[in-house]
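I opened the notebook today to look up a few helices and charged pairs, and I keep the entries in the order in which I went through them.

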Amino acid sequence: MGAGGLLALIGLAFARVQFAYAWLLSFMFFLRLGLGALFLVIAHHLFDAGWSVATRRFCEHIAKMLFPEMLLLFLPIALLARTIYPWMNKNPQLDRALAAKQPLFTMPMFYVASALCFLVWWLLSNRLRYWSLKQDETGEARPTYRMRFYSGIGIILYALSLTLGAILWMKSLEYQWFSTMYGVYYFAGGVWATLATVYVITMILDRQGVLTEVLHEHQYYFIGSLLFAFTVFFAYITFAQYFIIWNGNMPEETFWYVVREKGTWWWVGLAIIFGHFFIPFLGLLRIDVKLVFSWMVPLCAWAWLMHWADLSFNVMPIPYPNGFPWQWLWLSAGCGAFMMGFLSWRFLKLYASSPPYPIKDPRLLEAMGFYHPVPTQISGGELDHADDMRDAPPQFRGGNR
């Protein structure tokens, strides 16, 4: 955090424009991880999942950092908005593309909409974590129902706020461009990178003996399977966006890709095609590799690299239309290192303030791999899923019911 902050300050002092875009890139990178963690928590409650109980708590901590930590990191973007976003310096009366996006693309609405996004993320992450900790204290059913309630309304608010944030802070860099799939595109890439992060954190906590007793090998398989699924989903969304724009062949849409075929951006695009899809797709295709740490950890690190390359492909062609800015890589690395250090420090503070997993969750037995003999309204009592449970009766093993 210290070294990255020093590099960021040097960039701010001597290269303000370059600093602004490097900071935006790093901000969107870690915002994606926070939003991905919030989605995993919401999905856990919506589907009443049992296997993800053990990993839910640290996902709540990551999501909790959407406010106020990510809001604090957003302040430089808010202050340098006129430097980052070209549309803020244009007259909508003289620009038809900008006039068509009124009143959203105005200075006041930019800050109002940004505030609304953080308000929604604070509400969801705060309430879900609050009732999760309350469940640890009481073990009552009410916290479980409250988390389901906030997840039910939260998935809608989540989708709207994520789309609005992605459009305002990244897509509006080229305000003339149209894409109805951009919010889903940002979402898919974020959950993909978050799943890689969750896999590594789970492995670390398991090796330290923190989560060992509440884990079953199924957790690693399920996280790896979701990572594989979102590899395909992200590729589908990215290709569909490209294909629809290419097939429509309208200058208002195609110019976004034309810019990204110039100079070394062409090679960055190819790296994303092969590195963001083909390598992880083939690497995760086998079932057994999802349980091999020596295989999965490098693959998860590769996911972070491709996540960063994908966001660079979105942000950096604005100030550097002729190719990737290798000469300013140190500045992007500095901003990223500062944010990573700051958020890691905050994560450890949150992690130390509560039990490492939900100790009174009604489905904790299922997460641990124990047989759950009594079906309840809360747990669902998945007696037909007793295969390989540690203490399941003989009649329930091997798929027998």
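**Helix α9**

I began with helix α9, residues 182–207, and checked its length: at 1.5 Å a residue its 26 residues should span 38 Å, and since its end C-alpha atoms are 38 Å apart, the two values agree. I note here that the model is a predicted one. Turning to burial, I found that 22 of the 26 residues of α9 are buried, so this helix is largely enclosed by the rest of the structure. I then looked at what comes after the helix, and found that α9 is followed by Gly209, which has a positive phi, near 80°.

**Salt bridges**

I next looked up the salt bridges, of which the structure holds 11. One of them pairs Asp48 with Arg363, with 3.4 Å between the closest N and O atoms. Where do the two partners lie? I placed Asp48 in the loop between α2 (16–46) and α3 (53–64), and Arg363 in the loop between α14 (329–352) and α15 (364–368), so the pair ties together parts that are 315 residues apart in sequence. I also checked the accessibility of Arg363, which counts as buried because its relative value is 3%, the cut-off for buried being under 20%.

The side chains of Arg56 and Glu60 meet in a salt bridge at 2.9 Å, N to O, and I recorded both residues as buried. Glu60 also forms a salt bridge with Arg57, where the closest N and O atoms are 3.0 Å apart; these two residues are 3 residues apart in helix α3, again about one turn, and Arg57 is buried as well as Glu60.

**Ser161**

Last, I looked at Ser161, which has its place in helix α8, residues 141–169. Is Ser161 buried or exposed? Its relative accessibility is 5%, and therefore I counted Ser161 as buried. For its side chain I noted a polar atom lying 2.8 Å from the backbone oxygen of Leu157. Which residues does Ser161 contact, once its neighbours within four places in sequence are left aside? I listed Cys117, Val120 and Trp121 as being in contact with Ser161 on that basis.

How values were computed: Residues are numbered from 1 along each chain as its sequence is written. This is a predicted model: local features need pLDDT of at least 70, side-chain atom pairs count only at pLDDT 80 or more; totals for chains, interfaces and linings use all residues. Side-chain values use heavy atoms; hydrogens and water are left out. Helices (H or I, at least four residues) and strands (E, at least two) are DSSP runs, numbered from the N terminus. Buried means under 20% relative accessible area, exposed over 50%, partly exposed in between (1.4 Å probe, protein chains only). A polar contact is a pair of N or O atoms within 3.5 Å; within protein, one must be able to donate a hydrogen and the other to accept it, and residues adjacent in sequence count only if both atoms are side-chain atoms. Contact means heavy atoms within 4.5 Å. A salt bridge is a side-chain nitrogen of Lys or Arg within 4 Å of a carboxyl oxygen of Asp or Glu. The expected span of a helix is 1.5 Å times one less than its number of residues.
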